[in-house]
Amino acid sequence: MIDYLIVGSGLAGISFAECALRYNRSILVFDNDSQNSSKIAGGLYNPVILKRFSEVWRAKEQLEIMSDFYSNLASKIQIKFDFRIPILRKFYSIEEQNNWFAASDKESLASFLSTSLCFKNYDGIESPFGYGEVLQTGYLDTAALLVNYQKYLLSHSLLVKETFDYDALIIQEDFITYKGIKARNVVFAEGFGLHSNPFFNQLPLDGTKGELFIIKAPNLNLDVIVNTSVFILPLGNDLFKVGATYNWKDKTDLPTEEGKNELMERVREIISCEFEVVQHFAGVRPTVKDRRPLVGTHDQYKRFHILNGLGTRGVMLGPAMAKALFDHIENDFILDKEIDIKRFTNKKGKKS
């Protein structure tokens with residue numbers, strides 16, 4: 001009897017898998033590599049919404065859980081994938097500077113916003129109004145994390161590389177059977193692939209397409225992440241990751257000329273030096289209209305659970321939401337109403 005079948009091995013899936021393993025639960029993960037949003041993500045973790053200078057929902061709690069989680073995981077799989085690096089918000093006016101200082105006076109933001117403006121000159125970027133530095137920031141090399149964690153799972157016979165067949169699930173009273181495998185629970189963490197899941201596809205997972213670049217810019221001297229309308233993240237060897245766009249209509253993971261033109265225009269607004277696009281990729285983020293994750297248990301099938309909707313902040317949300325779901329299943333902890341899928345399935349007794 002396996003404790004958990006886990007469908008999906010993106011940020012949500014590996015967060016739950018690792019959480020379960022730490023508490024000595026047995027797992028088996030299924031993934032067919034159909035969803036790429038976690039692999040191609042910017043991977044930034046940032047406790048501040050820089051458009052409005054406001055705090056990310058429960059940022060402090062998420063950062064604490066995340067820091068411990070990724071530190072232990074890096075030791076386990078023996079690779080470095082977590083890079084602590086400042087994020088600088090470029091200012092375009094005195095008014096933006098003033099708004100920054102006003103935000104830094106708020107108790108919820110004081111530990112995240114530096115009160116000393118940065119006026120360092122970076123070759124290739126003009127910023128006469130300087131920058132504001134966000135504290136406790138960095139990025140994950142999500143591709144390296146996911147690839148190496150899958151290798152770890154495979155080496156321990158904990159990963160099955162195939163499409164999960166929902167029709168093959170046989171529901172018993174105290175367990176489920178899947179192709180001869182008995183399991184106490186199934187956790188669905190398929191990202192945008194949720195739309196193929198007959199048990200949870202009534203949930204309002206929208207999906208937001210994002211496109212990103214890898215650019216080569218030999219004359220851009222940058223050792224921090226600069227964030228304005230897009231972010232520019234140094235990768236070394238004159239390479240930079242740039243992103244991202246937001247498209248709410250196109251649900252494919254194919255790069256588009258429209259996305260390319262938008263990114264090119266935004267990059268040129270930030271940097272004044274020449275650059276070339278080395279790679280152009282796209283993915284569909286699993287987003288929800290109320291900007292909260294989808295976590296919880298099916299209202300009819302009590303062995304079926306979901307961890308999804310991590311959206312643009314999967315790096316920060318993944319470990320905290322996985323722990324919340326694990327405690328909900330194992331210890332009957334009540335989920336926060338803001339993340340519990342009951343907010344959609346219990347409205348006047350009807351599914352929304």
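**Briefing: strand pairing and helix packing**

S1, helix H1 (residues 11-22) and S2 form a right-handed β-α-β unit; right-handed denotes a clockwise path from the first strand over the helix to the second, with the strands pointing away from the viewer. Helices (H or I, at least four residues) and strands (E, at least two) are DSSP runs numbered from the N terminus. The model is predicted, with local features needing pLDDT of at least 70 and side-chain atom pairs counting only at pLDDT 80 or more, while totals for chains, interfaces and linings use all residues. Residues are numbered from 1 along each chain as its sequence is written, and side-chain values use heavy atoms, leaving out hydrogens and water.

**Strand S1**
- In strand S1 (residues 2-7), 6 of the 6 residues are buried, so the strand is largely enclosed by the rest of the structure (buried: under 20% relative accessible area, 1.4 Å probe, protein chains only).
- S1 runs parallel to strand S13 (residues 181-188), joined by 5 bridges, and Ile 6 has Val 187 as its bridge partner in S13.
- S1 also runs parallel to strand S2 (residues 27-30) through 4 bridges, with Val 7 opposite Phe 30.

**Open sheet**
- Three strands in the order S3-S9-S6 form an open sheet with antiparallel pairing (pairing requires at least two DSSP bridges between two strands).
- Strands S3 (44-45) and S6 (82-84) are the edges, each pairing on one side only.
- S6 pairs with strand S9 (residues 138-140) over 3 bridges, and Phe 83 has Tyr 139 as its partner in S9.

**Helix packing**
- Helix H2 (residues 59-77) packs against helix H6 (residues 314-331) at about 80 degrees, with axes 8 Å apart (axes are lines fitted to C-alpha atoms over the stretch in contact, and angles run from 0 to 180 degrees between N-to-C directions).
- H2 is therefore roughly perpendicular to H6 (65 to 115 degrees).

Technical notes:
Angles under 35 degrees count as roughly parallel, over 145 as roughly antiparallel, 65 to 115 as roughly perpendicular and the rest as oblique. Buried means under 20% relative accessible area, exposed over 50%, partly exposed in between (1.4 Å probe, protein chains only).
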